[in-house]
Amino acid sequence: MARRVYHVWKGRNVLVLLFLTSARDPGIVPRNSHPPEEEICYDPSTSVDVGGRHTPTPRLPRTKEVTVNGFSVKVKYCDTCMIYRPPRCSHCSVCDNCVERFDHHCPWVGQCIGLRNYRYFFLFVSSSALLCIFIFSMSALNVKFLMDDYGSPWKAMKESPASVILIVYSFIFLWFVGGLTCFHLYLIGRNQTTYENFRYGAANRHNVYDQGCFRNFLEVFCTKTNPSRNNFQAYVQEEMPMRINREVKIDDSEGDSRTKVQDNLEIDNDLLKISQRRDAVEAVNS
């Protein structure tokens, strides 16, 4: 009776951890409606001919450097989310979102594994491994008791075929969840994500996030989970086109420099889309 109660409790524990892993925000970074205006620069080498004059093309640097634990780390600009990704953040091609401390996208739970649900994912996998060990042991013990009663393993398996099925089932799945548990224990000890391990593992790069094995485990299991950056119950706001006023130097056809004052650049989800309103104005004036 006690074994059965423990079995039910252990199974419910695994289901609760599965729900927390799949239903929790993994750390999605809110995307911008427009590119960050303060990061826009103008490249005179790539200009667009507007009304007979060359207008420098606005562009965003593809990377910029931030400091992490005293080391300089490059972060990339995400064209889809129109943000500079925080360190260890990556864009998931399945969820189409940038996720903080992106580990991987798990098809078995239907969710990205990131900063806010990695702890529950590891507990889910390790609990599943312990559950497989428990089912295997109890089923094998049950067959052993039946063998003592009937004196033959074939009669014991015939008497309880469910125990035999559970032994085979738990033995097979123990290799998967047990191996996954050991692999993530290794990653936690090095403060590394699955994505970083597969991408940079062979490069022998210095891990700027490694604080030592003990502190790495404390960071995963004993730190407070940050609140979600997203309000999933909020209403969707209508996006407005961004207008950027810039005063830049342009050259006319005779080579004289002049100042273009308050040249409005219409940018609507495409940084390289420049308004051609001057053509119409000059055509009317001519």
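**Helix and pockets**

Visitor: Which residue follows α2, and what is its phi?
Guide: This is a predicted model, in which local features need pLDDT of at least 70, side-chain atom pairs count only at pLDDT 80 or more, and totals for chains, interfaces and linings use all residues. Residues are numbered from 1 along each chain as its sequence is written, and side-chain values use heavy atoms, without hydrogens and water. Helices (H or I, at least four residues) and strands (E, at least two) are DSSP runs numbered from the N terminus. After α2 comes Gly151, with a positive phi, near 80°.

Visitor: How far apart are the end C-alpha atoms of helix α2?
Guide: The expected span is 1.5 Å times one less than the number of residues. For the 33 residues of α2 (residues 118-150) this gives 48 Å, in agreement with the distance between the end C-alpha atoms, 48 Å.

Visitor: Which element gives the largest share of the lining of the largest pocket?
Guide: A pocket is an open set of points on a 1 Å grid over the protein atoms alone, where a 1.4 Å probe fits, with protein on both sides within 12 Å along at least five of seven lines; lining residues have an atom within 4 Å of a point. Among the 27 lining residues, Val73, Glu196, Tyr200, Arg205 and Tyr209 are the closest to the centre. Two or more residues come from β4 (71-78) and from α5 (194-200). The largest share, 5 residues, belongs to β4.
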